[in-house]
Amino acid sequence: MTVNEPVHDTFEDTPAKDRDPDWFKRAVFYEVLVRSFQDSNGDGVGDLRGLTAKLDYLQWLGVDCLWLPPFFKSPLKDGGYDVSDYTAVLPEFGDLADFVAFVDAAHQRGMRVIIDFVMNHTSDQHPWFQESRKNPDGPYGDYYMWADDDKQYEDARIIFVDTEASNWSHDPVRGQYYFHRFFSHQPDLNYENPAVQEEILAALRFWLDLGIDGFRLDAVPYLYAAEGTNCENLPATHQFLKRVRREIDAMYPDTVLLAEANQWPEDVVDYFGDYQAGGDECHMAFHFPVMPRIFMAVRRESRYPVSEILAKTPAIPSSCQWGIFLRNHDELTLEMVTDEERDYMWAEYAKDPRMRANIGIRRRLAPLLDNDRDTIELFTALLLSLPGSPILYYGDEIGMGDNIWLGDRDAVRTPMQWTPDRNAGFSAADPGRLNLPIIMDPVYGHQVTNVEASMASPSSLLHWTRRMIEIRKQNPAFGLGSFTELQSSNPAVLAFLREYEDDLVLCVNNFSRFAQPTELDLREFDGRHPVELFGGVRFPAIGELPYLLTLGGHGFYWFRLSRVASRIGRRL
C-alpha cells in the first residue's frame, strides 16, 4: 500500500453504537499531539501507530474523546495549521490506513475521536494556492482573496501582531495582494466562490466516512469578509456553518462540531445557531474568557473574576454545550481580557519574556502554578465542575513542565514523558533525532515526572485526576445539569450548584492560599446531609441557619446533596 492511499472503512470491526446525541455533553476530552505522544518506528517523531499503542492508558485515565490537532500534510510552519492537503496524512505520522486503525481501536475502547479542521485558510504550499497564483483565469484562480492593492478591509484586526504588519501580502508571481488573517504563509480561502464551499464540504465528508466523531472547526469567525466591518462573525459565515450542520445531521448523526471562536460569549453564542430550534449551527463552542479569569481569581484571591464572566454568559440552546479548558491547548490566550488585565497576567505568570507568545503565555499548567499540588487540584476541580465539557491537555495529568528555550509554542509541545528511561520512553531514536528535546530539568524532567512513576504512586496527581474524572462521570449533573451560583459570605470562596434530574451537586472552591471560612444559605435543602464525593464522608445536616464550611488554602469540596442521606440522618 502506498502512503496516503485512501482506505475506506467498512466498520465491520467497529462495535455498533447506540444513538447518543448528548455524548459530547458528558464527555471528558483529551487533546493529544500525534507528533509528541509516542513514536512507534524510532524516527524521533510521534505517529499514529504510537498513539494507538497508548490507547489503553487513555482508556484507564477515563478519557471519553480524543481531540487531534492537525495531522494533515503540511510544511509545518504553524504546527500543522498550515494545511497543504486536506485529505492526506503527514507521512511522518503514518498513512490513512494507520488513521483508520487508530479510530477503530479508540472506538473499541469506548472512546470517540474528533480532529482539527482548518476552514479559514490553507498553506501557501497547497496546490490550490500554487495554481491560483500562476493562473488567475484557471479553475483555482478565484479560490483565494486577491486584490490589486492592500487597502481593503482596513477594519479587520491583525491577529498575530508580533509577526505580521498587515493582513495583506504581495505575491510576486501573480502580481497581486492576497488576504490572510493569520500568518502570511496562510492565505485565506475565498468562500464567496461556491467551488471553495464544495471543496471544504467534500473534505469534511472524507474524514467522516473514515469513522471520526466530529471536528474542531479552527478559526471559524473569519470565513467571510465584508468592507466596513471587522470581517468577523458575519452573517454569511453563519449561513455556511448552518449548511455544514445540515449535512452533518443528515448523513452523520452523533457527530459534533466544535467552534473555535475566540470571542466574547455574547458573540460566540451565535455559533450555536437558532436558540428556539435548540441550535442549528455548532454543537459546541469554546468559552475563552473563563480560562484567564480562573488564573486571575487565584492570584487576586477573589471569586469575582470567575463569577462575573459566568454571570455575563448567555444561555445556550438545549442541544449545545460549552467547551472549557485551562489553556487553549498550547497557550494561555489573553485576547479576551483588557490591556490592564493582560499586563497583570504577564506580570504574575510570565515574568520572563520568553514565556510569552503573541499576546498569550506559552506555559504548561504545572509551571504556571509553581508546581503547587493544591493549586493544580483546585484548577482541575474547576475545569471538571464548571458548566461545559472539560478538555485536558496531554501531560497535564502528570504535571509535565515546559521548555521556554524552544521557539514559538514548541515550549509546551515536548514529548510525553512515559518512563525515566532513555528519551522518556517516547522514542527509541538517538536523542539528537527527536523532533523536540525531552525535558531534563530537576523539577519537571522525565526522570522525576513520568507516567510510570505516577502509576506506581497511589497519591500521585495522575491517580487523583483519574479519580476526579471518575466522580464526574458518576454525576450526570456535571455534564448535563444547570448551574446556579450561591451567595458566599467570603469573597474568596466560589460556591455553586449543578443539578440534573435527581442528581444535585454542591461545589465550593477557595481561591485564597490561606484557610477560609464561609457561610452558605442552603435552607431550601433543610434536612439533607452533604456527602463529600471524593471520600464519601457525610457532613452535618443542613438546617435553617447558614451552613458553615471551612476550606484549606486553595481547597475545594464537591458534595452530593443526597435525599437518601437526609432520610437516614433523620432516622438516626
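This is a dialogue on how to read some features of a predicted model.

Me: Where does D218 lie, and is D218 buried or exposed?

Reply: Begin with the place in the chain, then ask how much of the residue can be reached. D218 belongs to strand 9, which covers residues 214–218. Its relative accessible area is 7%, and buried means under 20%, so D218 counts as buried.

Me: Which residues does D218 touch, leaving out those up to four places away in sequence?

Reply: They are Y81, D116, F117, V118, M119, N120, H121 and E260. There is also a polar contact to look at: the side chain of D218 meets the side chain of R216 at 3.2 Å.

Me: How many aromatic pairs does the structure hold?

Reply: The count is 47. One of them joins F72 and F117, with 6.2 Å from centre to centre and 70 degrees between the planes. Planes over 60 degrees apart count as edge-to-face, so the pair of F72 and F117 is edge-to-face.

Me: Which parts of the chain does the pair of F72 and F117 tie together?

Reply: F72 is in strand 3 (residues 72–73) and F117 is in strand 5 (residues 112–118), so the pair links parts that lie 45 residues apart in sequence. As for burial, F72 has a relative accessibility of 1% and counts as buried. F117 is buried too, at 0%.

Me: What is the geometry of the pair of F288 and F325?

Reply: The ring centres are 5.3 Å apart and the planes stand at 75 degrees, so this pair is edge-to-face. F288 sits in the loop between strand 11 (284–286) and helix 10 (290–300), while F325 is in strand 12 (residues 321–325), so the pair ties together parts 37 residues apart in sequence. F288 is buried, with a relative accessible area of 2%, and F325 is buried at 4%.

Me: Which residues form one aromatic cluster?

Reply: A cluster is read as a list of members. This one consists of F71, F72, Y86, F99, F102, F117, W128, Y140, Y143, F206, W207 and F215. Both F72 and F117 from the pair discussed above are in that list.

Me: Which ring faces do R300 and R467 lie over?

Reply: For an arginine over a ring, read the partner and the distance to the ring centre. R300 lies over the face of Y344, at 4.5 Å from the ring centre. R467 lies over the face of F534, and there the distance is 5.8 Å.

Me: What describes two packed helices?

Reply: The description consists of the angle between their axes and the distance between the axes. Here, helix 7 (residues 194–209) packs with helix 8 (residues 235–251) at an angle of about 35 degrees, and their axes are 11 Å apart. The crossing of helix 7 and helix 8 is right-handed. Helix 7 makes the contact through Q197, E198, I200, L201, L204, R205 and L208, and helix 8 through F240, R243, V244, E247, I248 and M251.

Me: Where do E301 and N371 lie, and what is phi for each?

Reply: E301 is not a glycine, yet its phi is positive, at about 55 degrees. E301 is in the loop between helix 10 and helix 11 (304–311), and is partly exposed at 23% relative accessibility. N371, also a residue other than glycine, has a positive phi near 60 degrees. N371 lies in the loop between helix 13 (365–368) and helix 14 (373–385). Its relative accessible area is 35%, so N371 is partly exposed.

Note on methods: Residues are numbered from 1 along each chain as its sequence is written. This is a predicted model: local features need pLDDT of at least 70, side-chain atom pairs count only at pLDDT 80 or more; totals for chains, interfaces and linings use all residues. Side-chain values use heavy atoms; hydrogens and water are left out. Helices (H or I, at least four residues) and strands (E, at least two) are DSSP runs, numbered from the N terminus. Buried means under 20% relative accessible area, exposed over 50%, partly exposed in between (1.4 Å probe, protein chains only). A polar contact is a pair of N or O atoms within 3.5 Å; within protein, one must be able to donate a hydrogen and the other to accept it, and residues adjacent in sequence count only if both atoms are side-chain atoms. Contact means heavy atoms within 4.5 Å. Rings of Phe, Tyr and Trp (its six-membered ring) pair if their centres lie within 6.5 Å; planes under 30 degrees apart count as stacked, over 60 as edge-to-face and the rest as tilted. A charge sits over a ring if NZ of Lys or CZ of Arg is within 6 Å of the ring centre and within 35 degrees of the ring normal. Axes are lines fitted to C-alpha atoms, for helices over the stretch in contact, and angles run from 0 to 180 degrees between N-to-C directions. A crossing is left-handed if the near helix is turned anticlockwise from the far one by less than a right angle, and right-handed if clockwise.
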